[in-house]
Amino acid sequence: MTKANKLRETENLQEHLQRIIHLLRQQELAEERAHVAHPDLGESVEKKPDLAELQNLLDRLHPADVAHILEALPLEERLIVWDMVKAERDGEILLEVSDAVRETLIATMNSGEMLAAAEQLDADEIADIASDLPSEVIHDVFQSLPMEEREKLRAAMSYPEDSVGALMDFDVVTIREDVTMEVVLRYLRRLDELPDHTDLLFVVDRGEHLKGVLPLNRLLVSDPNATVDSVMTRQTVAFHPNEKAHEAAQAFERYDLVSAAVVNGEDKLMGRVTVNAVMDFIREESSSEALNLGGLRQEEDLFAPIWKSLKNRWTWLAINLVTAFIASRVIGIFEDSIEKLVALAALMPIIAGIGGNSGNQTITMIVRALALGQINAANARKLFAKEMGVSVVNGLVWGSIVGLFAFLIYRSASLGLVMTLAMLLNLLLAAVLGVLIPLTLHKLGRDPATGSSVLITAVTDSGGFFIFLGLATLFLL
């Protein structure tokens with residue numbers, strides 16, 4: 001298949017998904033008709049006609065595209081497609097699917113199939129799926145690997161998931177600085193292929209200490225008789241395996257890197273980090289942040305069993321229920337005021353709703369800034385003052401609008417002024433907590449996005465009700 005054809009396959013992924021769903025439906029209908037016509041035949045009924053096209057389509061797709069399709073199918077259909085994937089592609093596809101879907105696929109595999117799938121992968125790739133494999137399978141994988149690969153796998157599994165070491169690729173091309181460009185080119189031609197995303201050759205001494213890098217574009221245009229030492233770049237970006245992965249991701253974005261060296265404390269080359277690993281990490285972090293903001297404990301398979309989904313969502317729903325009771329009691333305190341002025345019941349959701357929206361905007365900005373490392377002790381106060389200023393302006397502008405709205409409907413200037421003041425105070429409350437909640441979570445070593453949206457909504461609801469009804473009680477009744 002040519003590169004152009006592969007590109008078209010990717011572009012038509014949604015069409016392929018719809019075609020696969022159609023073929024599965026056709027096969028299901030064929031089986032139902034066969035069962036009605038020959039109820040005694042059971043599983044012996046031939047059920048291949050529509051699956052031949054499905055098999056052919058799956059064989060043409062990239063592993064990442066197959067992974068996307070598996071994630072988009074309900075469990076029963078997913079397992080039918082998974083059974084049709086060729087065994088030699090299992091490892092690549094397991095590497096591409098989400099953690100939640102990988103769990104459902106591995107549950108259908110026996111130890112031999114898992115071992116065969118793992119053996120298709122490099123050491124750093126095995127480390128990515130090791131946590132989903134049974135311990136006895138990991139032991140067998142260790143035993144099946146050559147000693148060098150075994151040590152690489154042990155090293156890769158020793159690093160935390162959010163570290164550079166977890167992203168590290170051991171497949172690197174190294175050269176010496178005293179050889180010529182012609183020698184380097186001859187050496188590269190003897191290789192079967194270059195590792196993916198190779199834009200640099202790493203220059204090391206005999207002790208494997210990193211001395212610099214030779215960009216491939218320089219290699220191609222330099223005098224064949226020039227030495228590596230005269231052409232290489234000595235100032236280069238390098239990471240330590242224990243550094244935070246998000247710091248490496250920021251460096252890749254800042255310096256437009258394709259690959260970068262990973263060295264130990266003695267500047268000895270250990271491996272490299274590539275842009276595809278960084279992009280995968282950024283995608284996973286973004287997904288995790290979105291889930292945490294919504295109060296979900298972990299990534300969830302769209303078609304997970306009901307009980308499993310319930311367990312994933314219960315924690316913050318329970319917290320939300322408690323805060324809802326608190327909000328209801330706040331309203332209960334002012335029952336007499338609401339009975340005397342029914343308009344309060346109609347207007348108070350406006351204050352709470354706008355406050356929650358404003359608080360979520362602030363939290364989103366703060367969480368993003370924390371992820372990018374833009375907030376520190378020196379600028380935190382200025383940031384806090386800035387957010388307070390934004391809230392004051394928003395409170396005056398939108399408070400005036402809702403105050404005018406209340407005046408036009410209920411013909412009460414005092415009610416309009418109470419609405420304006422309540423809006424201003426609730427937006428200030430939203431700003432204060434929108435900054436403090438993620439900063440506090442971050443200081444405690446927790447993910448600043450975890451449940452922040454749920455918390456800010458709860459506080460602005462209760463606070464908004466209390467502020468508005470309290471002001472109304474003081475000035476209108």
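R411 is placed in the loop between α21 (380-410) and α22 (413-443). In this predicted model, the phi angle of R411 is near 55°, a positive value in a residue other than glycine. R411 is also exposed, because its relative accessible area is 63%, above the 50% cut-off for that class.

**Overall form**

- The protein contains 23 helices and 6 strands.
- The radius of gyration of the protein is 30 Å, whereas a compact globule of 477 residues would have a value near 23 Å.
- Taken along the principal axes, the box filled by the C-alpha atoms is roughly 90 × 80 × 40 Å.
- Buried residues account for 41% of the 477 residues of the protein.
- As one example of spacing within the fold, E247 and V203 are 44 residues apart along the chain, and their C-alpha atoms are separated by 24 Å.
- E247 belongs to helix α16 (residues 245-255), and it counts as partly exposed at 39% relative accessibility.

**Backbone in the loops**

- D267 is not a glycine, yet it has a positive phi of about 65°.
- The loop that holds D267 runs between β5 (259-263) and β6 (269-274).
- With a relative accessibility of 41%, D267 counts as partly exposed.
- R411, in the loop between α21 and α22, likewise has a positive phi without being a glycine; R411 is exposed, whereas D267 is partly exposed.

**Negative patch**

- A patch of negative charge on the surface is made up of E92, E96, D128, E161, D280, E284 and E285.
- Two helices, α6 (90-96) and α17 (275-293), each supply at least two residues of this negative patch.
- The most is given by α17, with 3 residues of the negative patch.
- E284, a member of the negative patch, is located in helix α17.
- The relative accessible area of E284 is 46%, so this residue is partly exposed; the value also lies over the 30% needed for a patch residue.

**Nonpolar patch**

- L404, F405, F407, L408, I409 and Y410 form a nonpolar patch on the surface.
- Together, the residues of the nonpolar patch have about 550 Å² of accessible area.
- F407, one of the patch residues, is found in helix α21.
- F407 counts as partly exposed because its relative accessibility is 32%, between the limits of 20% and 50% for that class.

**Salt bridges**

- The count of salt bridges comes to 14.
- Side chains of opposite charge can pair when their charged atoms come close.
- K152 and E148 meet through their side chains in a salt bridge, with an N to O distance of 3.8 Å.
- K152 and E148 are 4 residues apart in helix α11 (residues 147-157), so about one helical turn separates them.
- E148 counts as exposed, with 56% relative accessibility.
- E177 and R234 form a salt bridge between their side chains at 3.9 Å, N to O.
- E177 lies in the loop between β1 (174-175) and α13 (181-189) and R234 in the loop between α15 (228-231) and β4 (238-239), so this pair ties together parts that are 57 residues apart in sequence.
- R186 and E182 are joined by a side-chain salt bridge of 3.4 Å, N to O.
- About one helical turn separates R186 from E182, because they are 4 residues apart in helix α13.
- R186 counts as partly exposed at 42% relative accessibility, and E182 is partly exposed with a relative accessible area of 38%.
- D99, R102 and D132 are linked in a network of salt bridges.

Technical notes. Residues numbered from 1 in each chain as written. Predicted model: local features only at pLDDT ≥ 70, side-chain atom pairs only at ≥ 80, totals over all residues. Heavy atoms only, no water. Patch = residues over 30% accessible without salt bridge, like charges linked within 9 Å, V, L, I, M, F, W, Y side chains within 5 Å. Areas by Shrake-Rupley, 256 points an atom, 1.4 Å probe, with all protein chains shown as cover. Salt bridge = Lys/Arg side-chain N within 4 Å of Asp/Glu carboxyl O. Lys, Arg positive; Asp, Glu negative; His and termini not counted. Charge placed at Lys NZ, Arg CZ, Asp CG, Glu CD. Buried < 20%, exposed > 50% of the residue type's maximum accessible area, 1.4 Å probe, protein only. Rg over C-alpha atoms; globule rule 2.2 N^0.38 Å.
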